[in-house]
Amino acid sequence: MTFPTTRLRRLRYHPAVRNLIRATTLSPSNLVLPLFVRPGSGVRKEIASMPGHFQMSPDVFAEEVRQVARLGLGGILLFGIPAEKDACGSDAMSDQGIIPQAVRIAKEVAPQLLVITDVCFCEYTSHGHCGALSRVGGRIDLDNDTTLTMLGHQAAAHARAGADIVAPSGMIDGMVGAIRRRLDAIGYHHVPILSYAAKYASSFYGPFREAAESAPQFGDRRSYQMDPASDPGQALREIELDLAEGADMIMVKPALAYLDIICQVRERFPGVPLAAYNVSGEFSMVKAAARLGWLDERAVAMETLLAIRRAGASIILTYWAKDVVAWLKG
């Protein structure tokens, strides 16, 4: 029997050869860890649907930040649960709100750790939507332009507290421009905007809504987040508009079910830093299967993150960030 002269198995026969030619790698510096902060003292409340993750009071959060800072991660992304919610999410715009408090703590205990803040209102409003509401076309819906002013105030509070990057996530038309104008007006020209530029109305967000206590009290968010069945070109248009408004980085969310979108965005905008959010549902379903012995959590998580990197994301926001550091060392 005659064999071909090219045998690709030669590139796989030895572990050292496989390591030598790997094109896709993971580094802690590429990963961002989401964290959840709430008022109180001594609070470390496990999120039932996200094993290993917690709602933390500021004192517990401070210790978490100290530990994270030693891991060499790319940064942390902060979500807040306020003491009280109201129709306009007042806590989100206050300099004494839960996120500005958390930012100041993080900068005090780990000044070099990159702090990114989520800029949205779903955790802060009593109705659970991402901004102000009004009657639109005979029904109650999000008031886009009123929300823009609110987002500017929220981002400004985060910047004054010391946030390194602000990340608007509501998919509100014009949000990047409104935030950029507000930050520039108060002297924070240097603070970058990481826009959730292509965020889909996904079914993978369920565990997060428990973690952030942000489920809408009525309706859903499909009138402002993207339809999963929409033409991929719509995501590219969203990103192009956000970049024109001043976005410095862009994000696709979720990640795993939208690898095709990540790939197309990377090809269309090659010089723009691209993040992908490996969301709560993607994390929790692997955790659940691993608990039942159906999957190897480490192997599946690493394969998932490598796939996101291979698709083109240079930054991955993931609940596995701390685990990855341990796995890479191991």
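Figure 1. D141 touches A132, L133, S134, V136 and S223, leaving out residues up to four places away in sequence (contact: heavy atoms within 4.5 Å). This is a predicted model, so local features need pLDDT of at least 70 and side-chain atom pairs count only at pLDDT 80 or more, while totals for chains, interfaces and linings use all residues. Residues are numbered from 1 along each chain as its sequence is written, and side-chain values use heavy atoms, without hydrogens or water. D141 lies in strand 7, residues 139-142 (strands are DSSP E runs of at least two residues, helices H or I runs of at least four, both numbered from the N terminus). With 12% relative accessibility, D141 is classed as buried (under 20%; exposed is over 50%, partly exposed in between; 1.4 Å probe, protein chains only). Its side chain makes a polar contact with the side chain of S223, at 2.8 Å (N or O atoms within 3.5 Å, one able to donate a hydrogen and the other to accept it; sequence-adjacent residues count only if both atoms are side-chain atoms).

Figure 2. Strand 6 and strand 7 pair in the antiparallel sense, over four bridges (pairing takes at least two DSSP bridges). L133 stands opposite L142 of strand 7. Two residues lie between the strands of this hairpin. Here G137 takes a positive phi near 60°.

Figure 3. T125 is found in the loop between strand 5 (115-119) and strand 6 (133-136). What is the relative accessible area of T125? The value is 1%, so T125 is buried. The T125 side chain has backbone partners. A polar atom of this side chain lies 3.1 Å from the backbone nitrogen of G128. The side chain of T125 also reaches the backbone oxygen of H129, at 2.9 Å. Beyond four places in sequence, T125 touches K85, D86, A87, C88, G89 and G131.

**Figure 4. A197 in strand 9.** Strand 9 spans residues 194-199 and holds A197. A197 has a relative accessible area of 0%, so this residue is buried. Which residues does A197 contact, leaving aside neighbours within four places in sequence? They are M171, E238, I239, D242, I250 and M251. V103 is 94 residues from A197 along the chain. The C-alpha atoms of A197 and V103 are separated by 23 Å.

**Figure 5. Strand 12 and its parallel partners.** Strand 12 covers residues 315-318 and pairs with strand 1 (residues 31-37) in the parallel sense. Two bridges make up this pairing. V32 stands opposite L317 in strand 12. Strand 11 (residues 274-278) also runs parallel to strand 12, joined by four bridges. In strand 12, I315 stands opposite A275.

**Figure 6. Helix 9 against helix 11.** Helix 9 (residues 259-268) packs on helix 11 (residues 297-311) at an angle of about 30°, with the axes 8 Å apart. That angle makes helix 9 roughly parallel to helix 11 (roughly parallel: under 35 degrees; roughly antiparallel: over 145; roughly perpendicular: 65 to 115; the rest oblique). Axes are lines fitted to C-alpha atoms over the stretch in contact, with angles from 0 to 180 degrees between N-to-C directions. Helix 9 contributes L259, I262, C263 and R266 to the contact. These residues meet A307, I308 and A311 in helix 11.
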